[in-house]
Each structure stands twice: as structure tokens, then as C-alpha cells.
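This briefing goes through one protein model, topic by topic. Keep the structure open while reading and find each residue as it comes up.

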Amino acid sequence: MRDRPHSGTRSRVAVSIVAALTAALVAPGTAPAYAADDTERPTAPGPITVVAVDTTWIELSWTPSTDNVGVVRYPVSARFEDVGAAYSTDTTSIRITGLRPSRTYTFSVAAVDAAGNQSLSNPTLRLTMPPGDDQAPSAPGQPVAYDVAATLVWLRWAHSAENVALERYEVFRVDAGGTLTRVSEVYQYPPGRNSTQISGLTPDTTYTFVVQARDEAGHLSPLSAPVTVTTLPPPPSCAVRSVVRQWSDGFVAHLVVENTGSTTVDGWTMTWRFWASQKLNGLWGAEVVDRPVNSYLRVRNARYNAVIPPGGTVSLGVVASGTQLPEEVTLNGGVCVVAEE
């Protein structure tokens, strides 16, 4: 039967093992990597240097930081406008992939030690990626004026085809003699929007607009086919009388809309306050256009009541859920005086 080691012997062996491990992990003259009293942040890494770059990737390096214990990693960020991505490396270089040609990125690097102290970022590097695109976008689709008022118009168009990435659409007013005046820019970050509002127009005036696409390499598409639209006359003066029968969670309203101006209204749209939670259960004397925002409903004239002469009226009825009655009524952009009877 073997003799068992004395308990004191086991204790000395354990202490020796711990001491050996500590000596192996901690260099002479330094504190342990996770010392509780390490509150000193590393110095900022040195300036960023571009080692290599292509259209969709870049390799960066920098001078190491110094720290009283030791740096364990370098957080790296790459930002394009207000969109960014974060990376990390335990060396003084990194290769970042998945970038976009022709975009201008801002790169920054910091240092973190074993206790979690982070340095200040080094001076950032701003760099435009090489162009990887030698093709211009196709022409956008012909714009459509899908909403027209006295001083503004909403346009939308079919997207251009692009082999890499679109930067923006530019909308131009075509003036006399064919001169182009840019009136709107629709940036594609995030991508997808292909509509815009043109405001500040003159009532009862004809305008022509075209659209052009620009990609991230600066290539311009051909101009779209033009659209010509005439803004509405100045907003009419109007008054609304409403007769309402209301219950706990709904109402029926009879609206009488009077043209109190001196100009005949020929074709009209109306909007009024209508919460997103409300449901339209019935409508007569008008047709629904849309809900331009969640708190309004927009309707247009029926085929038989488009014309409202000065002093004339049109009638319409609404059945809806909820307790929000028709308020803040407009007729062709003009605000109506509302009176409940």
C-alpha cells in the first residue's frame, strides 16, 4: 500500500504550481493582466496607413499603442456618412472587405487593454474608394404627377437600372429654351425612394420636369422622358357645415361644403383629420384617394359634383368608427371654416 502524501506536502505543491503559472503569464516587473488597480488607458495608436486598396476592400496598418500592462485588441470603425461598421483585431493591421466602389469612408482605430481601458482614437483617415464602375445608369422612367396642388406637385418614376449602386436622382425643371434648373435631389441612402415633392410653385401654371440618375462613380444617366403638369388655381375659400350623429365608438356626419370665394372650383380634393385607428365604414358624395399621413383622410369629388360655383355647395356623408369627427378640413389646399350644427 502506497503512502499518501502529507496534507502539508499537497499544499506546498499547489502553491508551487500557482506560482509557476503566474510567473509564466506575467513578465518580470509588470502587474497581472487583469490587475484591479489598472485604470490607465493605452496611448492612441499611431496614424493609419493604407497598405493596399481595391474597389471593395482595403488593408490598413498603424503604429502600436503603449500601455502599462498591455494592449489586447484594437477596435476599428469604418463610416460612410451616418452609416458605420465596427471591426476588431489583436494585431496592428486589418483587412476590411465588403466596401463599395467610389464611396468615401472615414476609418478610425483605438486600443483596449486587458482591464478594458480604451484609448482615444487616433487621427481618422478619410479615403474615397477607387471607382469600380464604368457604366452609367439607365434613364429613369417618365415621371408621373400623382398629386397636384396650387403650389406643389408630387412626382414619382420607375427606378433606373444600375450595375453597382445609385447615389441619387436629380429632378430638373425644364425652363423656356430647354434650360434645366435642378429642383430636387433624392438620395438613395437607404435605397428605394423614387418620388419627391416639388414646392414653391405658382398656382395655375404649367411646368415640365425631367429626372436624371447619378451613380456612385459620378456617371449620369440619360434624362427621363418629360412630364408636363399644370398646378391648380389658388386655394378657394370655403366653409363646412356638419351635422353629426354620434355613438360610443362611431359617428355619421353629413358635410355641406360651400365655395365662399369668387372663382369656380372645377375638380376638388378634400382632407380632414382622421386617426390611423379609425375605420371608414361608408362614404357618399366623394371617393377615397388615400391617407397621405396616418392622421388624415383625403377624398376627391364624385363624377357628378366636381364643379362648385361661387356660393355653391356640395354635400357628402361619412360613416366611421372612433370619436374623431371631421376637423381641419381643406378644399384644394385651402383651409375651410368648420361649423357643427
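The place of Asp204 is the loop between β13 (195-198) and β14 (206-215). The model is a predicted one.

**Loop residues with positive phi**

- Asp204 has a phi near 55°, which is a positive value in a residue other than glycine.
- Asp204 has a relative accessible area of 52%, and exposed means over 50%, so Asp204 is exposed.
- Glu81 is another residue other than glycine with a positive phi, here near 50°.
- Glu81 is found in the loop between β3 (71-80) and β4 (83-89).
- With a relative accessible area of 53%, Glu81 is exposed.

**Nonpolar cores**

- In soluble globular proteins, nonpolar side chains tend to be buried together.
- The largest nonpolar core in this model has 23 residues, and the members that touch the most others are Trp268, Met270, Trp272 and Leu331.
- At least two residues of this core come from each of β16 (238-247), β17 (250-259), β19 (269-273), β22 (296-301) and β24 (313-321).
- Leaving aside residues up to four places away in sequence, Trp268 touches residues including Ala286, Val299, Ile308, Val314 and Leu331.
- The contacts of Trp268 also include Arg300, Asn301, Asn305 and Asn332.
- Another core, of 18 residues, lies apart from the largest one, and Leu60, Val76, Ile94 and Tyr105 are among its members.

**A sheet of nine strands**

- Strands of a sheet pair through backbone hydrogen bonds, either parallel or antiparallel.
- Here nine strands form an open sheet with mixed pairing, in the order β20-β24-β17-β16-β26-β25-β19-β22-β21.
- β20 and β21 (286-290) are the edge strands, as each pairs on one side only.
- β20 (residues 280-284) runs antiparallel to β24, and four bridges join the two.
- In this pairing, Leu283 stands opposite Val318 of β24.
- β24 also pairs with β17 in the antiparallel sense, over nine bridges.
- β16 and β26 (residues 334-340) pair in the parallel sense over five bridges.
- Ser242 stands opposite Glu340 in β26.

**Aromatic pairs**

- A pair of aromatic rings is described by the distance of the centres and the angle of the planes.
- The structure holds six aromatic pairs.
- The ring centres of Trp62 and Tyr74 are 5.7 Å apart and the planes are at 65°; planes over 60 degrees apart count as edge-to-face, so this pair is edge-to-face.
- This pair links distant parts of the chain, with Trp62 in β2 (residues 58-62) and Tyr74 in β3, twelve residues apart.
- Trp62 and Tyr74 are both buried.
- The rings of Phe80 and Tyr105 have centres 5.9 Å apart and planes at 50°, so the pair is tilted.
- Phe80 is in β3 and Tyr105 is in β6 (residues 104-109), so this pair also links distant parts of the chain, 25 residues apart.
- Phe80 has 9% relative accessibility and counts as buried.
- Tyr105 counts as buried too, at 6% relative accessibility.
- One aromatic cluster is formed by Phe80, Tyr105 and Phe107.

**Charges over rings**

- The charged end of Arg95 sits over the ring of Trp57, at 3.7 Å from the ring centre.
- Arg156 lies over the face of Tyr146, and the distance to the ring centre is 4.2 Å.

Terms used
Residues numbered from 1 in each chain as written. Predicted model: local features only at pLDDT ≥ 70, side-chain atom pairs only at ≥ 80, totals over all residues. Heavy atoms only, no water. Buried < 20%, exposed > 50% of the residue type's maximum accessible area, 1.4 Å probe, protein only. Core = buried A, V, L, I, M, F, W, Y, C linked by side-chain atoms within 4.5 Å. Contact = heavy atoms within 4.5 Å. Pairing = 2+ DSSP bridges. Phe/Tyr/Trp six-rings, centres within 6.5 Å; stacked < 30°, edge-to-face > 60°. Lys NZ or Arg CZ within 6 Å of the ring centre and 35° of its normal.
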